[in-house]
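User: Please take a close look at one helix and the packing around it. I would like one connected account.

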Amino acid sequence: TMTLSKGAARAAALLDAAEQVLTTQGNANSAMRDFAAAAGVRVGHLQHYYPTRADLIRAVMSRALTRSLDRLAVVPDTDQSLSREESEHFIGVLLGEQDDQATVRLYVEVWAIAAADQEVAVVLRDFYAQYIAHVERAVACAQPELDAAELGATAQTIVSLLEGSAILRSGITGRKSEASDRKLVDTLQYLIHGS
């Protein structure tokens, strides 16, 4: 494994603390002093790495989004076909993200921040463009006959279903059930395979 430089390790520890504050207190109730306190450092130390609150929030988001994209990188190259077992695994990876309460809470905060902060919104749009592209690759493996417009629409519909299900499945609304999960997986399989 790769070892981080001392500075990179400190920056990562600061992001860990900031992420924890965001998922427990939320963005609206957190200030630089809260992030610094959670990391056990002075505000000045935190600002050495992340000069503004927006810089810190963007770094937390960027890291969380990169983690998600890394998990999504389970799709074969487009020149291969995608079996139902492989797509079931892919769907499992996508839904697995929703089983982590902290991840879902962080995304809820990220969506709220992006609604008010244009720079954060740009980071989030880039993430969704990459996320949809991963899903497009999976659908293209299963349905190589689809044209680009249909492929894009199908991938976007899949992502919309998954993002909406995150709120219901996460426990925020307490509605997760095996029956609805099965229906969700069946619907996603239908969209991926076209039948």
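**Helix α9 and its surroundings**

Analyst: The buried residues of α9 are D181, L184, V185, L188, Q189, L191, I192 and H193. Note that this is a predicted model. These buried residues pack against three helices: α5 (84-96), α7 and α8 (148-169).

Start with the helix itself. α9 spans residues 178-193, 16 residues in total. From first C-alpha to last, α9 reaches 22 Å, close to the 22 Å expected at 1.5 Å a residue. G194 follows α9 and has a positive phi, near 75°.

Next, the contact with α8. The axes of α8 and α9 come within 10 Å and cross at roughly 170°. The cut-off for roughly antiparallel is over 145 degrees, so α8 counts as roughly antiparallel to α9. On the α8 side, the contact is made by T154, T157, I158, L161, L162, S165 and R169. On the α9 side, D181, L184, T187, L188, L191 and I192 take part. By class, the residues of this contact divide into seven nonpolar, four polar and two charged.

Now α7, another partner of the buried residues of α9. α7 covers residues 118-142 and also packs with α4, residues 53-72. Their axes lie 10 Å apart, at an angle of about 0°. That makes α4 roughly parallel to α7. From α4, the contact uses R58, M61, L65, S68, L69 and L72. From α7 come E119, V120, V123, L124, F127, Q130, Y131 and H134. These residues divide into nine nonpolar, three polar and two charged.

An α-helix has 3.6 residues a turn, so residues three or four places apart point the same way. F127 and Y131 are four residues apart in α7, and therefore separated by about one helical turn.

Their rings also pair. Pairing requires ring centres within 6.5 Å, and the count comes to five aromatic pairs. The ring centres of F127 and Y131 are 5.6 Å apart and the planes are at 45°, so the pair is tilted. Ring pairs also link F127 and Y131 with Y107, W111 and Y128 into a cluster.

In short, α9 packs its buried residues against α5, α7 and α8. α8 runs roughly antiparallel to α9, while α4 is roughly parallel to α7.

Conventions. Residues numbered from 1 in each chain as written. Predicted model: local features only at pLDDT ≥ 70, side-chain atom pairs only at ≥ 80, totals over all residues. Heavy atoms only, no water. Axes fitted to C-alpha atoms, helices over the stretch in contact; angles between N-to-C directions. Helix = DSSP H or I, 4+ residues; strand = E, 2+ residues; numbered from the N terminus. Parallel < 35°, antiparallel > 145°, perpendicular 65-115°, else oblique. Contact = heavy atoms within 4.5 Å. Nonpolar A, V, L, I, M, F, W, Y, C, P; charged D, E, K, R; others polar. Expected span 1.5 Å × (residues − 1). Buried < 20%, exposed > 50% of the residue type's maximum accessible area, 1.4 Å probe, protein only. Phe/Tyr/Trp six-rings, centres within 6.5 Å; stacked < 30°, edge-to-face > 60°.
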